[in-house]
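Please look over the sequence and the 3D structure shown here, and then read the briefing that follows.

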Amino acid sequence: MGRETQLCFTLEHWCLWRSEATPSAGCWPAGEVLPCNGGAADVGFLPMMQRRRLSPLGRAASAVAWRCRQVGGDMPSVFFSRHGESQYYFEMLEGLAAGEEVSPSRFSLSVHNAIAGLCSFHGDSFQPYVSLAGGTEGLFAAFLEAAGLLLESPRTLVVCYEQPLPGAYRDYAASPRITWALGMVLAGGGTGPKLRLARVGGAVGDADADEPGLVQAIRQGRRSGCSRPGSSVWRWSLDDA
């Protein structure tokens, strides 16, 4: 057994969107499931020109981040995606292989912090944000970063989002079956459900191939479980205050 690290947050609010219909009954408390909306997250809160710049993944992340900020106000944020805008950069690589030039606009929207930047812009936020790929810790790296931000702020927004990888990558990396995004408003104290996470080091097998176990637990109402994002195991539990 490797070294164990424990984190504890007050879960003030969560918001989940998935590209297929998801029942809201039986999910974790203190949150909501946004409508599937035909497989494209509703971003009607944005002006038309801003909506047109968003990819399907960007729409998903923006929708949950916007809703969480409506509930918790402006706050520092951590954005996580293992592969980000994989459709965009794969199309650019194919274009380069065919001798085409790269669109500056498409390039700017494909970098890993593009979605975090757009969400900050949409929300008129002047709070700091971080964009992570997570490495072998998967989305749990976002919670480590959030714990650091909570040392200087009463609450932090965590936004995790993924989409299916282009077919050329799927033999080499785990890929979700659908597009999804999860936002969480976390606090270091106060009242509300307590989300506890503990890391147990050591290689333990294959990474999660679809939605991380934590996301599945939220929508299935399971209050405890574990996930294997790569080189470690993360155990979590949700306790009533």
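Contact, as the word is used here, means heavy atoms within 4.5 Å. This is a predicted model, in which local features need pLDDT of at least 70 and side-chain atom pairs count only at pLDDT 80 or more, while totals for chains, interfaces and linings use all residues. Residues are numbered from 1 along each chain as its sequence is written, and side-chain values use heavy atoms, with hydrogens and water left out.

- Arg69 belongs to helix α2, which covers residues 56–72; helices are DSSP runs of H or I with at least four residues, strands are runs of E with at least two, and both are numbered from the N terminus.
- Because its relative accessibility is 11%, Arg69 counts as buried, a word that means under 20% relative accessible area, with exposed being over 50% and partly exposed in between (1.4 Å probe, protein chains only).
- Leaving aside residues up to four places away in sequence, Arg69 touches Asp74, Met75, Ser77, Cys119, Ser120, Ser125 and Leu157.

**Strands β8 and β9**
- Strand β8 (residues 224–227) runs antiparallel to β9 and is joined to it by four bridges, where pairing requires that DSSP finds at least two bridges between two strands.
- The two strands, β8 and β9, form a hairpin with four residues between them, and Cys226 stands opposite Arg235 in β9.
- Strand β9 (residues 232–239) is mostly covered, since six of its eight residues are buried.
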